[in-house]
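Here's a quick tour of charged pairs and nonpolar packing in one protein model. Have a look at the sequence and the fold first, then read on.

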Amino acid sequence: MKVKSTDFEYFKKLRVKSVIDLALILPKKIENLNFTPTPSVNQICTAKVVIKSANFRNNQLFGLCECKMWGCELSFVFFNASAWHKNICKVANELIFHAKLSSFNGLLQFNNPKILSEAGGFSPKYQIQGIKDSTIQRLIQSYVNFENLKESKIDEKYIYFLLNLHAYNEKSFAMFEKLENFSEDLKYIEMFNFLKRLRTKKIQKKSFNLEIFDIKTWLETLPFKPTKDQLNAIKDIEGDLGSKFAKRRVIMGDVGCGKTLVLLAAALMVYPKQAILMAPTSILAAQLFEEAKKLLPEFMNIVFIKGGKKEKNLEEQIKKAHLIIGTHALIYHKDFEAVLVMIDEQHRFGSAQRQKIHSLSSGELSPHFIQFSATPIPRTLSMIQSELLNFSFIKQMPFKKDIQTLCIKNDDFLRLNEKIKEEIAQNHQIIIIYPLVSQSDKIPYLSLEQARPYWESHYDKVFVTHGKDKQKDEILQKFKEEGNILLSTTVVEVGISLPRLSTIIIVGAERLGLATLHQLRGRVGRVGLKSTCYLYTKLKTIPPRLEEFALTMDGFKIAELDLKNRLSGDLIDGFIQHGNEFKFFDFSNDEAILQRVKQDLSKF
């Protein structure tokens, strides 16, 4: 589609990047400016009238008029009438009124009519701030044509649908009146346009030539038996590593599904070449380092890079390393020779950090990328993102999780206190999550600092931390070893493994998304310990979404539930954000349409 230079500014304002983008700008309403053959109450009508009388009182202009076409007399009224109205509505003047008709004092009445200079045709009203309706209509008439739509490769059925929709004639007007009948077509067109654009963002780079190390013996000698899903994910990665092009894969699995084994297997498969593993926190990086040393063969040279002070001979260590583990500090090193880059919980890194992660592959050859996530996303979103990424799902658990989820209120506090004492007596640990660190007038819950004195005066070995606490990693480690109760914010959502943790209490649970609640709940019962997650609310009625959440432990079901409560977000220009980029497509209900679009796009 060739665009005139004078129209580029309008396209930018309208966020139009293709002819379909433009075609999907639909008017909020269409005015039918044709003369109405017969009058109808509560309908917008257009008629030529002759003014018979006009009076002005209390800012209102009202009177009688005659419509020869309808063969009747009508009344009219202008609220907040101007001098212009008084001047034009003089007796014997012939005018064209366009307004909704009502019944008043036994006569049909034009309420606040628009006075037209001429009748005829249909006028679309887009109501987009800063751009005139006439300008948008001109752009659509100029560019939304058969040739331009054909270039998009969409089926002719949809081309004719869009052309009919924007014809602004009797047929078009009737279509807009019953637009809900065409919702499937609009959803298909929108998703077709979106996926087609997404495909243009896929860049293929050549990968390093790898001889895959055989890990069969290693898998057989592990102190536990891997699940079928873990083995399938490992097989998927093996297929990627054998490709001539650098692959990007997401390993998605619930909290505690055993993703660590998969990432260690991936690192071993590229031996003796180098792999990098980046974690969002230093405590999680240290935990992964300990697991790697424990499970990987001794011939694997594993290096842990901590943030802060540079270690001696670090460059030399990096050169000899088969697996390098660290936090975002890794992105500031330029001396890697990695053929595989793995990122645990990639969504925890900021956009600038993510950009730097991918700039590790700035050379001619690119490493394979694997992202690990314990935040399952709905099927529709994974189907969309599969245009750019490959997915492996780990749904099986190495052990059965025994976690009960209970919604509680103020009345339950005494029983909760008893439960805490029982758990501590069994050498189990408790985490209490507060919504804020300091007091706030806007939130009806105690903050971390307000609640702290109660717990510290009633219990021993109480630890406190939060997101801005510079010592949080040390505090979490100390709590793991010797603590009874940890008071925290959602800083514990991802990371540290606490085998003795049996109870988590989430204060103001209704304020958190279901995905976050699921991550927090995943902290307890990590090794099959019988555990409880309490969702505490001050609301009079427990929200249905919390009750639904309490009934399932399946992260993928929770992702679908969360989708119903949140909007889908902009999937092209960033990772999933709150908000909705789609006007017609519904992520929670339109999977079948998405499948049809993907099938059609695969043909070319």
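## A lysine and its partner

Lys 114 counts as partly exposed, at 36% relative accessibility. For the cut-offs, buried means under 20% relative accessible area, exposed means over 50%, and partly exposed is what falls in between (1.4 Å probe, protein chains only). Glu 31, on the other hand, is buried at 12%.

The side chains of these two, Lys 114 and Glu 31, meet in a salt bridge with an N to O distance of 3.0 Å. Lys 114 sits in strand 7 (residues 114-116) and Glu 31 in strand 1 (residues 29-32), so the pair ties together parts 83 residues apart in sequence. Strands here are DSSP runs (E, at least two residues) and helices are too (H or I, at least four), numbered from the N terminus.

## What the numbers rest on

This is a predicted model, so a few ground rules: local features need pLDDT of at least 70, side-chain atom pairs count only at pLDDT 80 or more, and totals for chains, interfaces and linings use all residues. Residues are numbered from 1 along each chain as its sequence is written, and side-chain values use heavy atoms, with hydrogens and water left out.

## Other salt bridges

How many salt bridges are there by this rule? The count comes to 18, where a salt bridge is a side-chain nitrogen of Lys or Arg within 4 Å of a carboxyl oxygen of Asp or Glu. One of them pairs Lys 150 with Glu 156, with the closest N and O atoms 3.1 Å apart. Lys 150 is partly exposed at 40%, and Glu 156 is partly exposed at 34%.

Lys 603 and Asp 600 form another, at 3.4 Å between the closest N and O atoms. Here Lys 603 is exposed at 66%, while Asp 600 is partly exposed at 21%.

## The nonpolar cores

A nonpolar core is a set of buried Ala, Val, Leu, Ile, Met, Phe, Trp, Tyr and Cys residues joined through side-chain atoms within 4.5 Å. The largest one has 55 residues, and Leu 22, Met 191 and Leu 195 have the most contacts inside it. Helix 8 (residues 183-199) supplies the largest share of this core, eight residues.

Setting aside neighbours within four places in sequence, Leu 195 is in contact (heavy atoms within 4.5 Å) with Ile 384, Glu 387, Leu 594, Val 597, Lys 598 and Leu 601. There's also a second, separate core of 43 residues, including Cys 257, Ala 266, Phe 289 and Met 300.
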